Amino acid sequence: MEKILEVKDLQLSFHTFAGEVKAIRGVNFDLLKGETLAIVGESGSGKSVTTKAIMRLLPESSSEFKSGEILFNGKDLTKLTDKQMQKIRGKDISMIFQDPMTSLNPTMPIGKQITEPLLKHQGVGRAEAKKIAIDLLRMVGMPKPELRIKQYPHQFSGGQRQRIVIAIALACNPQILIADEPTTALDVTIQAQILELMKDLQKKIDTSIIFITHDLGVVANVADRVAVMYGGRIVEMGTVDEIFYNPQHPYTWGLLSSMPSLDTADAKLYAIPGTPPDLLDPPKGDAFAIRSEYALAIDIEEAPPVFQVSDTHFASTWLLHPDAPQVEPPAAIIERMKKFPGSRYYEGGAH
Amino acid sequence: MAEKLLEIKNLKQYFNQGKANEVRAVDDISFDIYRGETLGLVGESGCGKSTTGRSIIRLYNATAGEVKFNDVSVHGKKSKSELKIFNRKMQMIFQDPYASLNPRMKVLDIIAEGLDIHGLVKSSKERKDRVHELLETVGLNKEHANRYPHEFSGGQRQRLGIARALAVDPEFIIADEPISALDVSIQAQVVNLLKELQEEKGLTYLFIAHDLSMVKYISDRIGVMYFGKLVELAPAEELYNNPLHPYTQSLLSAIPLPDPNYERTRVRKSYDPASHNYQDGEEIAMREVTPGHFVFCSEREFESLKLTSASRV
């Protein structure tokens, strides 16, 4: 499939009073046309910073691209001027933010906010823009759009506001849509509606979506591929089935086992011990090693390279090195692996 | 069945009562909480689950109804000393660990505030020792006592909130979305801590949350709220395996699970309150369909629910 975005060896730091925070330490991934890529990880893992770097939304005074490139249609976004970037932002790449309460302007009717990108990027007239705005609102499932475009954000519920934000993001038929925790602030029933809406719209306009979340249930629902981030790096990446049924990195194991599934018995919940690493002084080896019971001696000394598990599955852990000892993953993970043809615990098929 | 610790009877909590914008946040709900159990309370935002918790602990004056704790009414006029006795036994852990700790107080003073108010410690040495002990109970260490809240991460702050609640040796703790603000890997740590403390000290919890998979994990029984009403109350397993109220079914069908195969086949049910088709004069109340499983329904629905449940067994 066609690659629409390529992130190559991206390194980015923030300069703070305490020193240099190495927020992204070598991130590589591609985004394919029409796919949904989910990025998961805890706060501070660098998932939001990565997408803000793509959108160039980080303050230039305190952030610095150390190396790497972000290729979009052959252009390196890290090298563009502000003016050039403004032509891409909101038109080719747009973003949905986490909190629909604060990402809309409270003093502007929503119609005006939806037509803004149209007037700016598409060069359509006001009357035409208004018509498109009404169509967009109808598309995202807003009843009576002709009346509602005159209303202000406070007159809408949380779920409706997120629909409006989605309408704005889709106004210019973007090639890439970045959704940063778009449903975290919403209730499960509203979340389900918004996710269904995003999937429908994706089919209609063939956008690629980068979906950031820490809710693994949502990931299983929306993603084609998943990237797991930890300590400023992608530690594992693969198709949604590979990540959920054949995970290789101990951090992915920890994440998957710390969520109770609805059929977990009363067994104690697995909790990853400790806290995320301090990126002011990142560990030189595997950043997860100090929290991992599977850490090898070399994990402390040297950061693991990326090992290839399949054509689409990559993980960065020394456990995949041919000389590494065979370790037994946690019980909950073995249960998952039993469902995956090709894993060493696979049950069923020809045995 | 175990002994009742709390008895909530026809609790109503209206805001702006009598005005045009009257809100019936909690509208006539009744349930019991047994000693040593965890009762989960779930529902969408605005359904009244937090208001229920806050009314129980007397943060609001209930509009009507009764809350009995150890057979003593919680609401109504009370003298200062009566209130003190009650305040010691019931504590609360709040949702936002950033907003619920005073940024200008040291951890030592935050945790010891309850000890001071209730006169539980005699000397400053005893006060310090008790705080150190509490910090260790929640998995922090005594060096943390001299720090300020901003020096802690979200998960650590929530541990401080738990330590503060435990300081006065309560019997009953209301945890209002204690883990929603935390990362997944940290959520598990806090939930395990709450479970351990319950076993050790025989605590009773009211656990309010909207994360349904976590609620099922921690709760013995679960109540589902919708628009100020309790619509279903059942043992946790039973509620998930055999949800009877259409709203509960809709809520459960909306939860995404970390399992792609399940997600590909999950069908979401939507809930339409009009589907009940209640006639005028029909009495809608909590009715016990199978032992321990209560559903908010009319007599007519009750009969058909009993039939379907009987055929299931």
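User: Which residue just after α4(B) takes a positive phi?

Analyst: B:Gly139 does, with a phi of about 85°. This is a predicted model, in which local features need pLDDT of at least 70, side-chain atom pairs count only at pLDDT 80 or more, and totals for chains, interfaces and linings use all residues. Residues are numbered from 1 along each chain as its sequence is written, with chains lettered from A and ligands numbered from 1 in the order in which they are written. Helices are DSSP runs of H or I with at least four residues, and strands are runs of E with at least two, numbered from the N terminus.

User: How many residues has helix α4 of chain B, and what is its reach?

Analyst: The expected span of a helix is 1.5 Å times one less than its number of residues. Helix α4 of chain B (residues 124-137) has 14 residues and reaches 20 Å from first C-alpha to last, close to the 20 Å expected.

User: Which residues of α4(B) are buried, and which are exposed?

Analyst: Buried means 20 or more other C-beta atoms within 10 Å of the residue's own, exposed 12 or fewer, and partly exposed in between, with C-beta atoms placed from the backbone. In α4(B), B:Val131, B:Leu134 and B:Leu135 are buried. They lie on the same side of α4(B), because they cover an arc of only 100° around the axis; the arc is that of the directions from the helix axis to the C-beta atoms. B:Lys125 and B:Glu126, on the other side of α4(B), are exposed. The cover over the buried residues includes α3 and α5 of chain B.

User: At what angle do the axes of α3 and α5 of chain B cross?

Analyst: Two packed helices are described by the angle and the distance between their axes. Here the axes are lines fitted to C-alpha atoms over the stretch in contact, and angles run from 0 to 180 degrees between N-to-C directions. Helices α3 (residues 107-117) and α5 (residues 154-166) of chain B cross at roughly 30°, their axes coming within 7 Å. Contact requires C-beta atoms, placed from the backbone, within 7 Å. From α3(B), B:Val107, B:Ile110, B:Ile111 and B:Gly114 meet B:Leu160, B:Ala163 and B:Arg164 of α5(B).

User: How many residues of chain B are in contact with chain A?

Analyst: 28 residues of chain B are in contact with 30 residues of chain A. On the chain B side, α6 (184-201), α7 (212-218), α9 (246-253) and α10 (260-265) each supply at least two residues. α6(B) gives the most, with 6 residues.

Conventions:
Contact = placed C-beta atoms within 7 Å.
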